[in-house]
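Hi everyone, thanks for making the time.

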Amino acid sequence: MDYFVTPENFLRFTTYRLSIAAALCISYYLIKRSKNLNSLYTILIATVILSAATIELMILSFGGHKSSYYSGINLLIIAVLGFLPISLPVSFSLVAATYAIYLFPILLFDKITDASLFITNNAFMISTFAVALLWRYVNHKLLINKLSLEYDLSQDKKQLQTYSTQLEELVSERTKELAISEERFRALFDNANDGIIVVDRNGTIVNVNYRFCEMHGFDRGALIGKNFGLLEAKKREDELEERMNRIIRGESLVFEDEHVRKDGSRILVEVSSKAIDIGGTVYVQSFHRDVTEKKRLQQQLFQSQKMESIGVLAGGIAHDFNNILTAILGHAEFLQEFGNLDAAATQKVKTIELSARRAGQMVSKLLSFARKGGFEAVPVNLNAIVKDTSELMERVMGKKGIRLKLETDSTIPPFDGDPNQIEQVIMNLLVNAGDAMPDGGDLSIATSEQELGTGAFLVHPLLSPGRYVVLRISDTGTGIAKQVRDKIFDPFFTTKETGKGTGLGLATVYGIVKDHKGVINLLTEEGKGTTFQIFFPASKERLPVRSEVPVYVGKEREKIFVVDDEESILSFIREALESKGYRVVVADNATYALEISKNIIDDIDLIIADIVMPLVNGTELIKHFKELKPSVKIIAISGYETLPPGGRDNVDAFISKPFERAHLISVVRRVLDSEDLRAVQ
């Protein structure tokens, strides 16, 4: 443009422009290196002054106040106010200095010939200055506002970031707590000892825990989505619906139910149910406790209590019945001996006596069932018990198509025991054998003697060397399954259907054999039958030899005091003793016996007293007699088979009812003749 406007000044103006350009480059370099704000301002001010001076030289060289190059001053003013990064006061000062550099040289070195143009140019520069300054001020304000807004936004952003971070941390913490809580409750749910199930209003299973699956034998996936009613052993839809409605209405229910397991077996459960609200939806949560074993134990306890009650009842009945039988047998004997009966009447009396004896045997079995505690051991003839029991069971077995066979060894020795309990052992084993042969078969009972040496433990671990009486009962029945052989002697264990067995038979057998210091051995094979071998230690005593009862005659003036609350028994004993020459005093109750004993005790040689009487029991009565006269002989009689604990302390002999006249006379004579005779039966 210099070349077209003023060719004559082109070279000079180019020199000016190159010089100022070099100065600007140097300024730029210095600004880049400078790290001090004051040095930066100094360089910028110097650059502006040099630029203004260069433009002024060009104005003075080309037209002075008329030169069009004054527009460079305008551009410089705009640049200073609009682009330089300096404060507004410094910018204002630089603009004032720039304008002074333009104005004063013209006034000093130029002649004003066109005043209007000069004034117009100055007015334009001043207007440019004013507009640029206003623009700078407004822009500065806007910049400040913008920076303030950005700062505020930045602070708000930082605050939001802080809040966001805190919120994220809080959410993370709460999520972690929720996860821990969920894990904790999941662990409590899954590892609960009771089965837990959650169903919806329609009974559809929503969730179950591990214990519930274990109780019912199903996998969790097989239960989810199925209707809970499928597990019910008894389909009672109306009852289930009514129960569900009650629970949903807010009622908590506890009830017992029967469920079906996967394998088809059944379990009894105690259920506690309550409605729960999850996310606005009502569900029913139920806790299931397996009470199958508890119910079984309760039934066993009830059965045991029932058996105990029956035993007490049987004992009471047997005692009273023995009193009646004693009178019947005694007076039947008198009728046969002193009745002067014809043959037909004698036969009838014998029938009465035989029936009474059989009734006595039945009562003895009742007492054996009712008796508690130990037993009184006597030498036992096993063959006789086997024969009697087999005769009793032969008709029953015959009805079932079972052939009963006896193989007894007549040379076996006796063993010490209770005949009634041994009979109970044989009876229980025969009944079990009969149950094992529903379609008939062979049943054999064998007795033998066996001498066991050092290898006794090979026969049974609990056997020791010695002589044994062996009872063997074999059947050809179904045998005993291998998986239950270890449990057959457990109390209340039975393989029979409910209501058809108590589970006490073999347990009773085991207990009796153990009490007799014997062992029982089991030999069985499924489908081929079962054999029970019982080993009893042989006794060193011999069996008493039966002989005719000798006739005992009372010695002169021997006096016997008889106390019994049964008039019929009193009359029988009195007549039996008086027939042998004894003098007899009787009392029909213990209270009367206590009253008269003080007056007659010195003349009494023997006292026969019933043990079970009202008001005062026989044991206390006997103790009173011994205190009055320590030397007096005592025979205790009772409808029970044994005396109560401590009852033998003051007793010389014991006779259990019913008894025969001959046995009574025999015991009386032996007690009177003996200095110290105990436990005569």
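I'll go through the salt bridges, then a sheet, then a nonpolar patch, and end with the cysteines.

First, some housekeeping. This is a predicted model, so to speak of local features we need pLDDT of at least 70, and side-chain atom pairs count only at pLDDT 80 or more, while totals for chains, interfaces and linings use all residues. Residues are numbered from 1 along each chain as its sequence is written, and side-chain values use heavy atoms, with hydrogens and water left out.

Let's start with charges. How many salt bridges does the structure hold? There are 18, where a salt bridge is a side-chain nitrogen of Lys or Arg within 4 Å of a carboxyl oxygen of Asp or Glu.

Take Arg289 and Asp194, whose side chains meet in a salt bridge at 2.9 Å, N to O. Arg289 lies in strand E5, residues 281–290, and Asp194 sits in the loop between helix H6 (115–190) and strand E1 (195–199), so this pair ties together parts that are 95 residues apart in sequence. Helices (H or I, at least four residues) and strands (E, at least two) are DSSP runs, numbered from the N terminus. Are the two partners buried or exposed? Buried means under 20% relative accessible area, exposed over 50%, and partly exposed in between, with a 1.4 Å probe and protein chains only. Asp194 is buried at 17%, whereas Arg289 is partly exposed at 44%.

Next, Glu239 and Arg243, which form a salt bridge at 3.1 Å, N to O. Both belong to helix H9, residues 237–248, and being four residues apart they are separated by about one helical turn. Glu239 is partly exposed at 36%, and Arg243 is buried at 10%.

Arg403 and Asp442 meet at 2.6 Å, N to O. Arg403 lies in strand E7 and Asp442 in strand E9 (residues 441–452), so the pair ties together parts that are 39 residues apart in sequence. Arg403 is exposed at 53%, and Asp442 is partly exposed at 37%.

Now the sheet itself. It is open, with five strands in the order E7-E9-E10-E12-E11 and mixed pairing; two strands pair if DSSP finds at least two bridges between them. E7 (402–407) and E11 (519–525) stand at the edges with a single partner strand each, so one side of each has no neighbour in the sheet. E11 pairs with E12 (residues 529–537) in the antiparallel sense over seven bridges.

Which residues make the nonpolar patch of about 630 Å²? They are Leu60, Phe104, Leu107, Leu108, Phe109 and Ile112. Helix H5, residues 88–109, contributes the largest share, four residues. Leu107 is in H5, and is partly exposed at 46%.

Last, the cysteines. How many disulfides are there, counting pairs of cysteine sulfur atoms within 2.5 Å? The count is zero. Cys25 is exposed at 54%, while Cys213 is buried at 9%.

That's my tour, and I'm happy to take questions.

How values were computed. A disulfide is a pair of cysteine sulfur atoms within 2.5 Å. Patches are made of residues with over 30% relative accessible area and no salt bridge: like charges are joined within 9 Å, nonpolar side chains (Val, Leu, Ile, Met, Phe, Trp, Tyr) within 5 Å. Accessible areas come from the Shrake-Rupley method with a 1.4 Å probe; for residues, only the protein chains shown count as cover.
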